Amino acid sequence: MICMMFPILNWLFSYRFREWVMRDLHAGLSVGMFQIPQGLLGVWITRLPLPNTNGFLSAFCCSITYVIFGTSHHISIGSFSILNMAATNILKTLNFNQTLSCNGSADNYSDPSQALTLTASVTFLTGIIQLLLGCCCLGLVKTYMPKTLINACLTAAAVHVIVAQLTFIFDIVLDIPASPLDIFYNLYHFLLAIPKANATSILLFLLSMAVLQVTASLRIVYKHSLMAFPMELLLIITVTIISNCIRLHAESNNAVVSMIPQRFLPPTVPDVSNLNKVILHAFSIAIVSYFLLVFVGEEYASLHSYRISSNQELIAVGLCNICSSFFKSFVVSCTISGTVIQEKTGGRTQLAAAIGACVMLVIALKLGHFFQMIPNCILAAIVVFNVSPFLQNFRDIPMLWRQDTYHFVIWLVTFAAVLCFGLDMGLVIAIGFTFLLITIRLHRMKMVMLGQIPNTNIYRSLSDCKAAKEIEGIKIFQCCSSISFANVNCFKTYLLNKMDLKTVPLDVSEMRAFSSHRLAATTVGREDRTCFCVYDPPLPPTTTLYREKLAKRHSTDSQSSSSVNLVRWSKYGDKLRSRTLLVGAADASPNFNRGVRTGRNEQDRRACQELGSAIDNSSIHFDREQLPMDLPCPVHTIIFDFSMVQFVDLEGSDLLRQIIHMFHNIGITVLIAGCHSSMVADFEKNDFFDSCITKERFFLTLHDAVLAALNKHQRPDELDHTVREFTEGPPSEQQERRSLLSRKNKDLFSAKNSYNKHWHEDASCSAPNEAGPSSVQQYHTQPHQSDFQDPGWLGRWK
């Protein structure tokens, strides 16, 4: 628990001093030197009169806080240009004038203390929101964001950062009001203002980019490992010396910093009286600050094979912002360029960030005035060069289109939303679109029809595999997604289309007749339930309400399409007996007793007579010796392969139960194969099983279900042929077949006991008031796939 609250303990006690210390020292020096002019740029962008001492102390405290509470090993904490501009827009929204003009004069100077107080309130409220979200474990929202969304968001953020550097590259300041498409307005006005740009600034930027690009391939060997050459560190030191010796005709921070009061503002508690004014702005900035931090952290965590905690990152950045608010500073997050420098210069742990923070604070307080003369275009070149690797994600777009169209669309929508509407609204749009796309994919259920490869137990899609053949009288449907409320209608529609059936609503007389029939059958079930042993209690009677019936989609016989075959199953003794009735049939036998098989005892006969008299009063007639009736299609069995289904919710269970009953009423048996034991447990909770739908319909494998369907509908002439083949022939062959049968019986008995144990442990078949041991034992009377090799298997099972 302590290690979770203080992640620094996870790497501090396992730190490899000899291997990592030089790497972390190298990375810390580079990042610390870069943070000094970067902190000055933050003041330049916002033009707020924040003393340099406050800014550097705030950056130091935030870095140390993240070292203690953060879980990423490569994140560099500091002010981010996009968040700084967001703070400036908040001041404009609340009618605060800019405190410093573009050229550093105080013409447009307003009350600086009130602006800094409001900035501190925004930063404090942002940290409180992040801390509360982290304590509520809402950082797990990041788990539902695909890698594609993260890459697109980082790419768009890199574009925003590069466009923000155009002000420093051209030495042109544009005051464009914030709008949804402000990035395109900025680009347009910068292109128009190129003739007025500073040529020296552009030349220095291009020269710095060339130097950084040439030295990018240089490496330093340390302890048989490679580290990047610290060109950023050398460039900052070299340009600082040159700019203090020679006056470069390029814009620097000196003009703006000279107008900022240099006195230190002591830490104070932020003003909480105006929190209601900035709560919406603070919430959007909190979300952007967190997602930017965790997105970059995930990028480097996957690169170096470690994991970060989303909730802990949310708590860490919240504490950093609370510390920053006491110094009246800005909202902090991950600095993309600083993080890239820390990672590529060899940083292994957060010790590099701690070293960088100490170096930054010491040098800034003692020698900070020297860094004020660095041209802004040099820093812009370092920023652009280090965020440009994120633009390489554009090269993955064609491959993403070939691999997954859905992720391709997510990438485009996220990039366009973040680019056009900013990080705050863009992330909201991207997350909402991603959840909508996931819902659509769940709604679009994928189902395929399977066929058997001859002489094997392999089943493949009929549309994909030419060798697969459809088994006569059996339809096999494989469901490739979970069944939920979002796709139950697609499941039913696909099934009926492939079976060339449609649903027809029952009229009032049919529904009334069936209700009477169901009431009578329920009464018989209650009377029958008292006559047998409590060890194997009967299942509850069927309670499915029939409001529609199945009919041929292109049937021309209106008389047959207007009738429905309703089959009720109830338990008599140790076997299941069926009674079949026709609603609206033209030629039906009026005698109920001739259409139903005789019961085992007199009580069964009396129950059947009572049920027959109840139904005769409702003008319902039973077919004579027709069990089942002629099917509207040659299919006698439908098998659902649920081996790829993870769950079936309550609405999916109800629909599946209705489908099984509807097909059962027209004489088609529905079997389910490959169903996981957890789904069986869910079916039991949802009252899925009844006297018609029992666990005898569930099979461990698809091939077992096919064998059971074939065995049930085996023709008698085939049975006689296999029996004669087994008993006829020379005595030596008969003896060989008998020995083979004996060995197979032993193997089947062993397999039966093993599977029976597996079913009882995983599916809980022996639970009370459900299909218990008798159902499982009856399931094992079905033939096994290896029995096809034995000539006498059919006779033995029969």
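1. Start with helix α20 (residues 488-498) and helix α24 (residues 650-665): their axes come within 10 Å and cross at roughly 20°. Because of that angle, α20 is roughly parallel to α24. The crossing is right-handed. This is a predicted model, so local features need pLDDT of at least 70 and side-chain atom pairs count only at pLDDT 80 or more, while totals for chains, interfaces and linings use all residues. Residues are numbered from 1 along each chain as its sequence is written, and side-chain values use heavy atoms, with hydrogens and water left out.

2. Terms for the helix pairs. Helices (H or I, at least four residues) and strands (E, at least two) are DSSP runs, numbered from the N terminus. Axes are lines fitted to C-alpha atoms, for helices over the stretch in contact, and angles run from 0 to 180 degrees between N-to-C directions. Angles under 35 degrees count as roughly parallel, over 145 as roughly antiparallel, 65 to 115 as roughly perpendicular and the rest as oblique. A crossing is right-handed if the near helix is turned clockwise from the far one by less than a right angle, and left-handed if anticlockwise.

3. Which residues make the contact of α20 with α24? From α20 come V488, F491, K492, L495 and L496. From α24 come E651, G652, L655, L656, I659, M662 and F663. Contact means heavy atoms within 4.5 Å. By class, there are nine nonpolar, one polar and two charged residues. Here Ala, Val, Leu, Ile, Met, Phe, Trp, Tyr, Cys and Pro count as nonpolar, Asp, Glu, Lys and Arg as charged, and the others, Gly among them, as polar.

4. Helix α13 (residues 275-303) meets helix α15 (residues 336-344) with axes that come within 11 Å and cross at roughly 20°. That angle is why α13 counts as roughly parallel to α15. The pair crosses in the right-handed sense. L292, V296, Y300 and L303 of α13 face I336, T339, V340 and E343 of α15 in the contact.

5. Helix α7 (residues 147-164) packs on helix α19 (residues 405-443) at an angle of about 45°, with the axes 8 Å apart. α7 is therefore oblique to α19. This crossing is right-handed too. The contact has 15 nonpolar, eight polar and no charged residues.

6. Now the cavities. How many of 30 Å³ or more does a search of the whole structure find? Seven. On a 1 Å grid over the protein atoms alone, a cavity is a set of points where a 1.4 Å probe fits but cannot get out, and lining residues have an atom within 4 Å of a point. Grid points are joined across faces, edges and corners, and a volume is the space filled by probe spheres set on the points.

7. The largest cavity holds about 260 Å³. It is lined by 21 residues, and G39, G55, F56, A59 and S79 are the closest to its centre. α3 (17-46), α4 (52-69) and β1 (77-79) each give two or more residues to this lining. Its classes are 10 nonpolar, 11 polar and no charged.

8. The second largest cavity holds about 180 Å³. Of its 18 lining residues, Q38, S79, S81, Q165 and V383 are the closest to the centre. α3, α5 (81-93), α15 and α17 (376-387) each supply at least two residues. α3 gives the most, with five. The lining has 10 nonpolar, eight polar and no charged residues.

9. Last, H73. Where is H73 found? In the loop between α4 and β1. H73 and Q350 are 277 residues apart in sequence, yet 5.0 Å apart in space, C-alpha to C-alpha. Neighbours within four places in sequence aside, H73 is in contact with W11, Y306, Q342, R348, T349 and Q350.

Methods
1 Å grid on protein atoms, 1.4 Å probe; cavity = no way out; pocket = protein on both sides within 12 Å on 5 of 7 lines; lining within 4 Å.
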